[in-house]
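Student: Please take a close look at one part of this model with me. I would like to see how two neighbouring pieces meet, and then how the rest of the chain is laid out around them.

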Amino acid sequence: LYVFFDANCWYCNLTWRALQPYEKAGLQVRWIAVAYQKESSFGRAAAMLAARDPAAALRAHETGYRANSYDGGLRPLARVAPDVRKRLQANTALMKKFGAQGTPAVVWKDGTGKIGFINGVPRLSELPRITGLPAQKIDDPELAEFR
């Protein structure tokens, strides 16, 4: 499963939260950072990509998300290395090739090899079909509207 996400996107944070039980059950998710929502999105995404442990940085970022201000949990980098800048630009270009209008954009391949795409938070009831895994218990009250 591939998820294009903006570092400050509230709906991306909800998608991350919805997929945590599936990741614990063995789903491999490739979180692909893009940056367009706020001025700080680029620096926050760069902080994740430049971290020694990007997966740990993503987890810290998402668990520290502040919904009241639509800000991710990591402090934005003030200076972004050219290679990281190029990666973020390439990620955004790839997201646009899928026709995504915004984030989150979720892409997967089903059991028959067909590519699936959803722009927005997937319905929780659709996650078993999308992931190919049995339904996982999701009791986060913030996700109730996506059942």
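**Where two helices meet**

Tutor: Start with the contact itself: from α2, the residues R44, M48 and L49 meet P54, A57, L58 and H61 of α3. Sorted by class, this contact of α2 with α3 holds 5 nonpolar residues, 1 polar residue and 1 charged residue. Now look at the two axes. Helix α2 covers residues 39-50, and helix α3 covers residues 54-63. Their axes come within 7 Å and cross at roughly 140°. Keep in mind that this is a predicted model.

Step back to the whole chain. It has 5 helices and 4 strands. Read from the N terminus, the elements run β-α-β-α-α-α-β-β-α. The radius of gyration is 15 Å, close to the 15 Å that the globule rule gives for 147 residues, so the chain is as compact as a globular protein of that length. Along its principal axes, the C-alpha trace spans about 45 × 30 × 25 Å. Of the 147 residues, 48% are buried. Take the contacts with a separation of 6 or more: 65% of them come from residues 24 or more positions apart.

Next, the strands. The 4 strands form an open sheet, in the order β2-β1-β3-β4, with mixed pairing. At the edges sit β2 (30-34) and β4 (115-119), and each of them pairs on one side only. From one strand to the next, the twist averages 20°. Look at one pair inside this order. Strand β1 (residues 2-6) and strand β3 (residues 105-109) pair in the antiparallel sense, over 3 bridges.

Now the loops. Go to the one between α3 and α4, where Y70 lies. Y70 is not a glycine, yet its phi is positive, about 55°.

Move on to the loop between α4 (82-97) and β3, which holds P104. The peptide bond that joins T103 and P104 is cis, with omega at about -5°. P104 also turns up among the contacts of V121. V121 has its place in another loop, the one between β4 and α5. Leave aside its neighbours within four places in sequence, and V121 is in contact with Y11, L14, T15, P104 and F146. Is V121 buried or exposed? Its relative accessibility is 13%, and buried means under 20%, so V121 counts as buried. For a sense of distance, pick P76, which is 45 residues from V121 along the chain. The C-alpha atoms of V121 and P76 are separated by 24 Å.

Finish with D140, in the segment after α5 (127-131). D140 has a relative accessible area of 18%, under the 20% cut-off, so it is buried too. Follow its side chain. A polar contact of 2.8 Å joins it to the side chain of R17. The side chain of D140 also reaches the backbone nitrogen of E142, at 2.9 Å. Set aside the neighbours within four places in sequence, and D140 is in contact with R17 and R147.

Notes: Residues numbered from 1 in each chain as written. Predicted model: local features only at pLDDT ≥ 70, side-chain atom pairs only at ≥ 80, totals over all residues. Heavy atoms only, no water. Axes fitted to C-alpha atoms, helices over the stretch in contact; angles between N-to-C directions. Contact = heavy atoms within 4.5 Å. Nonpolar A, V, L, I, M, F, W, Y, C, P; charged D, E, K, R; others polar. Pairing = 2+ DSSP bridges. Buried < 20%, exposed > 50% of the residue type's maximum accessible area, 1.4 Å probe, protein only. Polar contact = N/O pair within 3.5 Å; in protein donor to acceptor, adjacent residues only side chain to side chain. Rg over C-alpha atoms; globule rule 2.2 N^0.38 Å.
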